[in-house]
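Dear colleague,

I am passing on to you the structure placed below. Please look through it first, and then read the notes that follow.

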Amino acid sequence: MRRSKIDIVVDVLEVTKNGVNKTAIVYKTNLNFRLADKYLLLLEKQGLLEKKSDKYFTSDKGKIFLGKAKDLTMQLENIIEKGKENTLQNGTPMPKPKEMTLSYETSLQKSQDMMLQNKIPIERAREITIHSETPIQMVG
């Protein structure tokens, strides 16, 4: 099964948390050098990754993003598990709703600015929930 772009971004940010060179990123994320270059450039431009000498490090902003991405993944997995639990005893799945609403947190920059203003440590960033006015609509 192919990975999504967000899965690749999460993999790169996870690998670079302690600082690694490009070759290590390629091998640990199972990317080729061309794709690794593409993602490294994208993540640097977004401020999620920093390059110091020949090593790449996940920035503070990248660590916040990584935490939010993991939280969202857990929420989606919980929704999927609940769907599996809602099957009838004979194995026939329950009818699925046409739409499902999933709330998410405000933009990364706004959350980061709030945390910096309030001097909230990065470890607590995932505990803060600020609901956006526009929920994600998933059509099933």
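Lys 17 is partly exposed, with 33% relative accessible area; the term covers values between buried (under 20%) and exposed (over 50%), calculated with a 1.4 Å probe on protein chains only. This is a predicted model, in which local features need pLDDT of at least 70 and side-chain atom pairs count only at pLDDT 80 or more, while totals for chains, interfaces and linings use all residues. Residues are numbered from 1 along each chain as its sequence is written, and side-chain values use heavy atoms, with hydrogens and water left out.

Salt bridges

Lys 17 forms a salt bridge with Glu 14, their closest N and O atoms lying 2.9 Å apart. The term salt bridge requires a side-chain nitrogen of Lys or Arg within 4 Å of a carboxyl oxygen of Asp or Glu. Glu 14 is itself partly exposed, at 31% relative accessibility. Glu 14 also pairs with Lys 70 in a salt bridge, with 2.7 Å between the closest N and O atoms. This second pair connects distant parts of the chain, since Glu 14 belongs to helix H1 and Lys 70 to helix H4, 56 residues apart. Helices here are DSSP runs of H or I with at least four residues, strands are runs of E with at least two, and both are numbered from the N terminus. Lys 70 is partly exposed as well, with a relative accessible area of 33%.

Another salt bridge joins Asp 11 to Arg 3, with the closest N and O atoms 2.7 Å apart. Asp 11 is partly exposed at 28% relative accessibility, and Arg 3 is partly exposed at 33%. The count of salt bridges comes to six.

Helices H1 and H3

The axes of helix H1 (residues 5-15) and helix H3 (residues 33-45) come within 11 Å and cross at roughly 80 degrees. Each axis is a line fitted to the C-alpha atoms over the stretch in contact, and angles run from 0 to 180 degrees between N-to-C directions. H1 and H3 are therefore roughly perpendicular to each other; angles under 35 degrees count as roughly parallel, over 145 as roughly antiparallel, 65 to 115 as roughly perpendicular and the rest as oblique. On the H1 side, the contact (heavy atoms within 4.5 Å) is made by Lys 5, Ile 8, Val 9, Val 12 and Leu 13, and on the H3 side by Tyr 39, Leu 40 and Leu 43.

The nonpolar core

The largest nonpolar core has 20 residues, and Val 12, Leu 13, Ile 25, Leu 40, Leu 43 and Leu 49 have the most contacts inside it. Such a core is a set of buried Ala, Val, Leu, Ile, Met, Phe, Trp, Tyr and Cys residues joined through side-chain atoms within 4.5 Å. H1 supplies the largest share of this core, six residues. Leaving aside residues up to four places away in sequence, Val 12 touches Ile 25, Thr 29, Leu 31, Leu 40, Leu 43 and Leu 49.

The whole protein

The protein has five helices and five strands. Of its 140 residues, 28% count as buried.

Yours sincerely
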